[in-house]
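Please read these points with the model open beside you. They go from the single chain to the domains, then to the chain contact.

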Amino acid sequence: MSERRLADLLAMWRVRAFEEKVRELRLAGPIVGSVHLCIGQEAIPVGACDVLEPEDALFATYRGHGWALARGVPAERMFAELLGRETGVNGGRGGSAYFTAAEYGFHGENSIVGAGAPIACGAALAGRYDGSNRAAVTVFGDGAMNQGAVHEAMNFAAAFSLPVVFVCENNRYSELTPIADMVRTSRLADRAAAYGMPGYRIDGNDVEAVRFHVRDALEVAKENGGPTLLECMTERIVGHYIGDAENYRKPGEMDRIRAREPIARLRAGLLADGVPADEVDAVEARARAEMETAAAAALAAPFADPATAREHLYA
Amino acid sequence: MPETRKLNYGEAVNAALHRLMAELPETLVYGEDVGLPGGVFGVTRGLRKQFGDRAFDTPISESAILGSAVGAAMMGRRPIVEIMWADFSLVALDQIVNQAANVRYVSGGRLTAPMTIRTQQGNAPGACAQHSQCLEALFLHVPGLRVCMPSTPQDAYDLLVTAVHCDDPVLVIENRTLYFGAKEEVTVGGPVQPMGGARVRRHGSDVTVVAWGAMTARVLDAAEALAADGIEVEVLETPWLNPFDTEAVLASAGRTGRLAVVHEANVTGGFGAEVVARVAGAGVPLLAPPIRVGAPDVRMPAAPILAQALLPDADRIAGEVRALVKG
């Protein structure tokens with residue numbers, strides 16, 4: 001049992017160490033542009049990707065680095081993508097907010113809020129004709145629950161019983177605005193009933209809870225039971241983007257968030273179960289070392305060739 | 001084997017869809033009312049019966065229709081989706097412009113979106129302002145999309161076949177005033193035609209008139225009337241707008257020394273401006289400044305008598321071209 005939890009801890013630390021290195025590179029200069037970190041939300045991609053099959057499709061958002069890493073996209077190629085290098089997963093065409101790596105089962109980030117949900121329906125629909133037993137997972141934030149495209153996608157998936165898992169990462173803020181101020185009923189999972197699908201609000205800071213519910217939803221989806229909405233409660237420990245002044249935070253809020261964030265929580269659990277501290281903390285060191293090496297390799301790679309900027313527009 | 005059939009424009013689209021569904025098992029046809037009802041114009045009739053659940057009806061959800069087409073195409077299907085009116089695409093432009101058009105480019109070609117969007121546009125008597133717009137210029141501004149506008153039954157067949165065989169997102173803009181037109185001999189079952197190209201619909205030496213879509217027939221009528229006045233019009237139809245056969249326009253305008261571009265869309269920002277700019281930019285010597293003939297920059301009124309006051313018809317086209325030639 002503690003072996004799996006150590007593996008979860010490592011997977012979460014890989015995400016966090018990646019994100020912290022990205023923040024360092026963004027603040028130092030080599031990475032430019034908008035960057036949205038998922039620090040604090042690591043348990044959701046780690047738990048979900050653990051139960052995805054290679055044939056399943058995964059559509060994330062601009063806060064998608066953790067999802068890509070957890071799905072198996074190599075960190076070095078992700079750093080290279082954010083750094084605009086030739087060796088990036090998209091050779092620098094996608095950037096931090098819109099890269100894809102279908103060869104790893106990661107069908108892309110999306111920097112339009114809610115846009116991935118209808119696309120995921122299509123990936124699921126395709127599975128009905130190609131003999132695969134593919135399910136599609138689409139990830140979005142609480143803010144996307146107020147987008148028309150997400151509503152259309154939920155109804156479309158439900159009407160046709162498509163194998164889609166709608167994963168809502170509810171970090172309580174729609175960008176910079178509290179979601180609670182933007183809806184009249186705060187339990188977003190309750191909306192699922194209106195589409196005729198199951199909806200659950202779960203603890204998104206608990207890897208095991210995420211794994212359990214995503215596995216269950218995938219099973220239902222693949223047995224022709226239709227879509228599920230999972231509202232995963234979480235919080236980001238960082239701003240909406242690097243540079244966000246976070247003046248919307250309330251006094252004491254960050255202390256409360258840190259007290260229940262998923263990595264500290266899992267670490268405390270492992271220690272309480274008697275796993276030696278040096279064994280637990282070696283996981284962090286290992287993840288950080290991996291990301292340092294990956295970032296260094298990406299920084300040493302050549303920039304994307306400007307002569308290729310017009311390529312790949314059409315077949 | 002190729003064969004010839006007498007088909008009107010709508011029937012030609014239908015024949016193309018039947019062929020494509022038969023020859024490409026990865027195709028799907030779906031949209032609002034396209035399955036059991038066979039489409040509001042009857043264009044998808046028979047597909048559900050013949051191909052079962054590969055042809056189906058959807059909720060009135062353009063974002064879901066277009067977005068699911070992007071996702072299905074990424075996964076190896078070749079969806080042919082219908083947006084009942086081009087005006088309705090505006091509620092879901094994100095899936096066309098931000099999503100479909102980006103897939104190949106951003107992934108460096110590792111992910112593609114081979115999907116065809118069939119729609120129809122333009123004014124028909126009594127249509128309101130939200131069912132009358134000509135939006136091709138909007139889509140022609142978007143790199144990554146292919147756009148065509150068939151005007152004959154043969155083109156309605158050929159262009160759709162080419163579009164669906166294309167590995168990129170293609171927008172096929174039909175015109176509902178053409179669906180129930182005269183039956184013509186249409187060759188079906190022939191080889192897939194290459195994308196692009198222009199066609200000289202009438203040879204002439206005094207002026208080149210470039211047209212596409214439903215305006216082509218009106219331009220041909222105008223050319224006939226002008227011939228009686230001794231003005232020989234070269235009518236160049238460009239059914240493909242992306243890729244656009246600029247060379248054909250340059251060559252024809254170079255021969256005649258005069259250029260008019262006619263489209264039903266309103267003139268400002270219309271694709272006619274782009275055609276004129278390309279000819280000007282290429283330095284083709286012209287005897288007179290080129291002209292654009294289109295709807296004026298107003299909304300489209302429902303009353304036929306008001307709409308007719310705005311839309312280019314054969315008389316107005318002939319008048320403007322005559323003025324261009326006579327100076």
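1. A residue counts as buried if 20 or more other C-beta atoms lie within 10 Å of its own, as exposed if 12 or fewer do, and as partly exposed in between; the C-beta atoms are placed from the backbone. By that rule, 54% of the 327 residues in chain B are buried.

2. The model is predicted: local features need pLDDT of at least 70, side-chain atom pairs count only at pLDDT 80 or more, and totals for chains, interfaces and linings use all residues. Residues are numbered from 1 along each chain as its sequence is written, while chains are lettered from A and ligands numbered from 1 in the order in which they are written.

3. Confidence comes next. pLDDT is the predictor's confidence in each residue, from 0 to 100. Chain B averages 97, and 100% of its residues score at least 70. For the complex, the predictor gives an ipTM of 0.97 and a pTM of 0.97.

4. Chain B holds 13 helices and 14 strands. These are DSSP runs numbered from the N terminus: helices are H or I with at least four residues, strands are E with at least two. The C-alpha trace of chain B spans about 60 × 45 × 40 Å along its principal axes. Its radius of gyration is 20 Å, which agrees with the value near 20 Å for a compact globule, because chain B has 327 residues. That radius is taken over C-alpha atoms, and the globule rule is 2.2 Å times the number of residues to the power 0.38.

5. Two residues are in contact if their C-beta atoms, placed from the backbone, lie within 7 Å. Of the contacts in chain B with a separation of 6 or more, 79% join residues 24 or more positions apart.

6. Chain B divides into domain 1 (3-188) and domain 2 (199-326). The bounds come from an automatic or database domain assignment. The C-alpha centres of domain 1 and domain 2 of chain B lie 26 Å apart. Domain 1 of chain B puts 26 residues into the contact, and domain 2 of chain B puts in 22 residues. On the domain 1 side, helix 6 (136-140), strand 6 (146-148), helix 7 (153-165) and helix 8 (176-179) of chain B each supply at least two residues. That side of domain 1 of chain B has 15 nonpolar, eight polar and three charged residues. Ala, Val, Leu, Ile, Met, Phe, Trp, Tyr, Cys and Pro count as nonpolar, Asp, Glu, Lys and Arg as charged, and the others, Gly among them, as polar.

7. The side of chain A that touches chain B divides into 20 nonpolar, nine polar and four charged residues. In total, 33 residues of chain A are in contact with 31 residues of chain B.

8. Look also at helix 4 (residues 75-82) of chain A. Eight of its eight residues are buried, including Glu76(A), Arg77(A) and Glu81(A). The buried residues of helix 4 of chain A pack against helix 1 (2-28), helix 3 (65-71) and helix 11 (277-300) of chain A. Just after helix 4 of chain A, Gly84(A) takes a positive phi of about 75 degrees.
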